[in-house]
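I opened the notebook to look over one chain. My entries follow the structure below.

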Amino acid sequence: MEDGSSSLLGIIISWIPMVLMLGVFGYFVMKLVRVQRGSVAALEAIAQKLSDIDARLANNPAQPSPPDRS
């Protein structure tokens with residue numbers, strides 16, 4: 001009886017580092033996904049602003065600057 005329980009305990013103890021490594025790996029993967037979502041949202045906001053500027057310039061083209069009077 002003692003032999004079976006000690007081998008089960010040994011198996012559990014030997015798997016603890018692997019489970020911890022998987023947990024740390026999962027934590028960093030999820031953190032990376034959150035950062036990536038944030039950067040995609042920021043890039044989409046920048047693209048929207050640039051398209052708004054482009055639309056305004058297309059509707060109201062820039063006037064040529066007056067000649068320089070030196």
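I took buried to mean under 20% relative accessible area, exposed over 50%, and partly exposed in between (1.4 Å probe, protein chains only). The model is predicted, so I kept its limits in mind: local features need pLDDT of at least 70, side-chain atom pairs count only at pLDDT 80 or more, and totals for chains, interfaces and linings use all residues. Residues are numbered from 1 along each chain as its sequence is written, and side-chain values use heavy atoms, with hydrogens and water left out.

I looked up burial. Of the 70 residues of the protein chain, 0% count as buried.

I looked up the fold. The protein chain has 1 helix and 0 strands. Helices (H or I, at least four residues) and strands (E, at least two) are DSSP runs, numbered from the N terminus. Helix α1 covers residues 2–59, and I16 lies in it. I16 is partly exposed, at a relative accessible area of 42%.

Y27 and F28 form it, edge-to-face, at 5.3 Å centre to centre with 70 degrees between the planes. Rings of Phe, Tyr and Trp (its six-membered ring) pair if their centres lie within 6.5 Å; planes under 30 degrees apart count as stacked, over 60 as edge-to-face and the rest as tilted. Y27 is partly exposed, at 46% relative accessibility.
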